[in-house]
Amino acid sequence: TSSKLRDVGTTIFTEMTALARKTGAVNLGQGFPDSDGPPKVLAAAQAAIASGLNQYPPLDGLPELKQAIASTRQARYGQEFDPDGQIMVTAGATEAIASAIIALCEPGDEVVLFEPYYDSYLANLAMAGAVRRPVQLRPDGERFGFDPDELRAAITPRTKLLLLNSPHNPTGKVFTRQELELIAALCIEHDLIAVTDEVYEYLIYDGLAHLPLATLPGMAERTLTISSAGKTFSATGWKVGWACGPANLVAAARKAKQFLTFAGGTPFHAAVAVGLTEELGWVSALCADLQSRRDRLRAGLEACGAKTYPCEGTYFLQIDARSLGFDDGIEFCHHLVAKAGVVAIPAQVFFDDVESGKRYVRFAFCKSDVVLDEAIARLERSF
Ligand code: PMP
Ligand code: GLN
């Protein structure tokens with residue numbers, strides 16, 4: 001392994017899912033749903049294969065998908081993207097994020113991001129030789145928040161880019177307008193590029209709303225907005241994501257993307273276009289469903305004595321392992337597999353400041369009621 005990737009290990013998701021398979025534990029670790037997306041979207045993928053859409057798509061993706069992405073962003077958020085040059089379809093949001101970081105950062109450039117962070121960001125920063133400057137999210141009353149002064153202090157003359165994930169994995173935080181306004185003001189003041197990871201944009205609860213950073217004044221021209229069909233249509237294995245933004249930022253990211261995968265997943269592009277055009281009603285129902293599953297899992301965890309943290313969006317709910325007698329989430333997760341037969345994710349792996357992250361353990365609630373109830377029953381017997 002090159003020195004660049006020396007610190008990159010096996011992802012925690014692979015590790016914990018393998019452990020669940022080996023031990024027969026209930027897997028509330030890796031975030032993927034256990035039911036399929038809208039039947040019409042599944043049928044559209046099959047129809048696309050039958051109709052011969054089986055060769056490379058254009059580098060930027062199938063035109064009907066780019067058009068559907070443009071129309072959806074326009075209708076939901078009032079964002080204007082030209083499908084010809086301002087939208088690029090990728091192999092999941094993962095490739096869009098990697099392309100952006102590799103294409104936009106010089107070695108030594110600094111990237112400000114919120115901690116805990118999604119793990120692929122770190123590997124991408126390492127590939128680019130960029131330096132991370134985390135700003136910690138902490139529970140603040142009923143929500144997770146950050147200290148504006150810490151954010152200001154994390155920005156230096158070397159900062160190139162701010163990477164924002166909202167709704168946020170693993171805290172479940174949805175950034176508020178006020179928080180986004182502060183972030184936008186700092187991006188403008190310091191002339192930063194923003195890259196936003198909005199893969200959970202549709203999975204927001206309790207009547208809260210998603211506000212893309214790029215919609216704030218002065219941000220459209222400096223923001224690359226990234227999302228994905230994986231969570232929206234319960235199709236995480238399809239790996240269809242996209243990046244939208246000003247032509248210069250998309251062009252830069254395209255340079256990396258064309259030599260990462262070039263392009264792929266043609267029939268899935270066609271199917272996701274159908275999803276965005278015809279099945280957003282299905283997505284609203286999914287969202288309502290997930291909210292009730294969040295509540296079900298939270299109630300079950302609390303009945304076992306776990307302290308849970310607020311969750312406003314995503315697939316994830318965190319607990320404080322100390323409330324169940326463990327100072328270290330990794331120890332807790334190993335105990336959980338061995339004693340209860342349940343897999344969760346120790347969220348400290350998403351922290352630079354491991355000491356602060358030790359208490360957090362993430363549970364995925366994007367599972368059927370039967371699976372959640374089984375996990376809760378197992379926890380109840382063990383705690
Ligand atoms: N960003 C976040 C915050 C995620 O949780 C995930 C995992 N699904 C991704 C990006 C990756 O998205 P995709 O599967 O579309 O590559
Ligand atoms: N996004 C998923 C999660 O946070 C995992 C995706 C992956 O396994 N790479 O659980």
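Strand β3 (residues 110-115) and β7 run parallel and are joined by 4 bridges; strands are DSSP runs of E with at least two residues, helices are runs of H or I with at least four, and both are numbered from the N terminus. Strands are taken to pair if DSSP finds at least two bridges between them. Within this pairing, Glu-110 has Thr-159 of β7 as its bridge partner. The model is predicted: local features need pLDDT of at least 70, side-chain atom pairs count only at pLDDT 80 or more, and totals for chains, interfaces and linings use all residues. Residues are numbered from 1 along each chain as its sequence is written, while chains are lettered from A and ligands numbered from 1 in the order in which they are written.

Both strands belong to an open sheet of 7 strands with mixed pairing, in the order β2-β10-β9-β8-β7-β3-β4. The edges are formed by β2 (87-91) and β4 (131-136), each of which has a single partner strand, so one side of each lacks a neighbour in the sheet. Neighbouring strands are turned by 20 degrees against each other on average, direction ignored, with axes fitted as lines to C-alpha atoms.

Strand β7 (residues 159-165) also pairs with β8, in the parallel sense and over 5 bridges. Here Asn-165 has Asp-197 of β8 as its bridge partner. Together with helix α7 (residues 177-189), β7 and β8 make a right-handed β-α-β unit; with the strands pointing away from the viewer, a right-handed path from the first strand over the helix to the second runs clockwise. Ala-194 stands opposite Thr-223 in β9.

Strand β8 (residues 193-197) is largely enclosed by the rest of the structure, because 5 of its 5 residues are buried (20 or more other C-beta atoms within 10 Å of the residue's own, C-beta atoms being placed from the backbone). In a regular strand, side chains alternate between the two faces of the sheet. In β8, Ile-193, Val-195 and Asp-197 point one way, and Ala-194 and Thr-196 the other way.

A UniProt annotation from an unreviewed entry, "domain: Aminotransferase class I/classII large", covers residues 26-379. Over residues 26-379 the chain is 42% helix and 18% strand, and the end C-alpha atoms are 11 Å apart.

Technical notes. A residue is buried if 20 or more other C-beta atoms lie within 10 Å of its own, exposed if 12 or fewer, and partly exposed in between; C-beta atoms are placed from the backbone. UniProt positions are given in the numbering used here, feature names are shortened, and annotations may be inferred rather than shown by experiment. Axes are lines fitted to C-alpha atoms, for helices over the stretch in contact, and angles run from 0 to 180 degrees between N-to-C directions.
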